[in-house]
Amino acid sequence: PQVPLVACLTKFDGVTEQEMMNGDRRQYVITQLPKYLIVHIKRFSQNTQHFSEKNPTIVNFPVKNLEMGAYMQPPTSTKYHLMASLQHDGTPEAGFSRAFVHYRANDSWYEMQDLHCNGVHPQLISVSESYIQFYDAAAA
């Protein structure tokens, strides 16, 4: 399955209600955005038998121009560009991680795993099982 990152961010639109464990309902809104935005997607959890499970849902996210202004009060245009993305491949017990990193000097993307570094197309980054994205506020 695939979902857009904006579907995950609706939690912060100030309208969508989140039900808490005690039954309370809450709404969240962002009042101030940082220069660097870190987005974490929960990939691992324990099931009722206490076994680790991995959520393989692909979260599509933009490489450039992630608009966060809609989640602000009051709404303002604030765009972010992806700097890096971390991905885990394999099972929760065994697997490996890799990083996709943007090198600003030549505007190229690289995939890094252990001591290996290879160029990669930006289109492949946004359709991976990423679990952490690092964004930088776009220059105005």
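Glu111 counts as buried because its relative accessible area is 18%, where buried means under 20% relative accessible area, exposed over 50% and partly exposed in between (1.4 Å probe, protein chains only). This is a predicted model, in which local features need pLDDT of at least 70, side-chain atom pairs count only at pLDDT 80 or more, and totals for chains, interfaces and linings use all residues. Residues are numbered from 1 along each chain as its sequence is written, and side-chain values use heavy atoms, with hydrogens and water left out.

**Glu111 and its surroundings**

- Glu111 belongs to strand S11; helices (H or I, at least four residues) and strands (E, at least two) are DSSP runs, numbered from the N terminus.
- The side chain of Glu111 forms a polar contact with the side chain of Arg98 at 2.5 Å.
- A polar contact is a pair of N or O atoms within 3.5 Å; within protein, one must be able to donate a hydrogen and the other to accept it, and residues adjacent in sequence count only if both atoms are side-chain atoms.
- Setting aside neighbours within four places in sequence, Glu111 is in contact with Arg98, Ala99, Phe100, His116, Cys117, Asn118 and Val120, contact meaning heavy atoms within 4.5 Å.
- Between Glu111 and Ile125 there are 9.0 Å in space, C-alpha to C-alpha, and the two are 14 residues apart in sequence.

**The pair Ser85 and Ser130**

- Ser85 lies in strand S9 (residues 79-90), and Ser130 in strand S13 (residues 130-137).
- Ser85 is buried, with 0% relative accessibility, and Ser130 is buried as well, with a relative accessible area of 1%.
- The side chains of Ser130 and Ser85 make a polar contact at 2.7 Å.
- The side chain of Ser130 also reaches the backbone oxygen of Leu86, at 3.3 Å.
- Residues up to four places away in sequence not being counted, Ser130 touches Ile41, Arg43, Phe61, Ser85, Leu86 and Gln87.
- With the same exclusion of residues up to four places away in sequence, the residues touched by Ser85 include Phe61, Arg98, Ile125 and Gln133.

**Strand S4 and its partner**

- S4 pairs with S13 in the antiparallel sense over five bridges; two strands pair if DSSP finds at least two bridges between them.
- Val39 has Gln133 in S13 as its bridge partner.

**Positive phi values in loops**

- Asp107, although not a glycine, has a positive phi of about 50°, and it lies in the loop between strand S10 (95-103) and strand S11 (108-113).
- Asp114, also a residue other than glycine, has a positive phi near 55°.
- Asp114 lies in the loop between S11 and strand S12 (116-120), and Asp114 is exposed, with a relative accessible area of 75%.

**The chain as a whole**

- The protein chain has two helices and 13 strands.
- Of its 140 residues, 31% count as buried.
- The C-alpha atoms fill a box of roughly 50 × 50 × 20 Å, taken along the principal axes.
- Among contacts between residues at least 6 apart in sequence, 56% join residues at least 24 apart.
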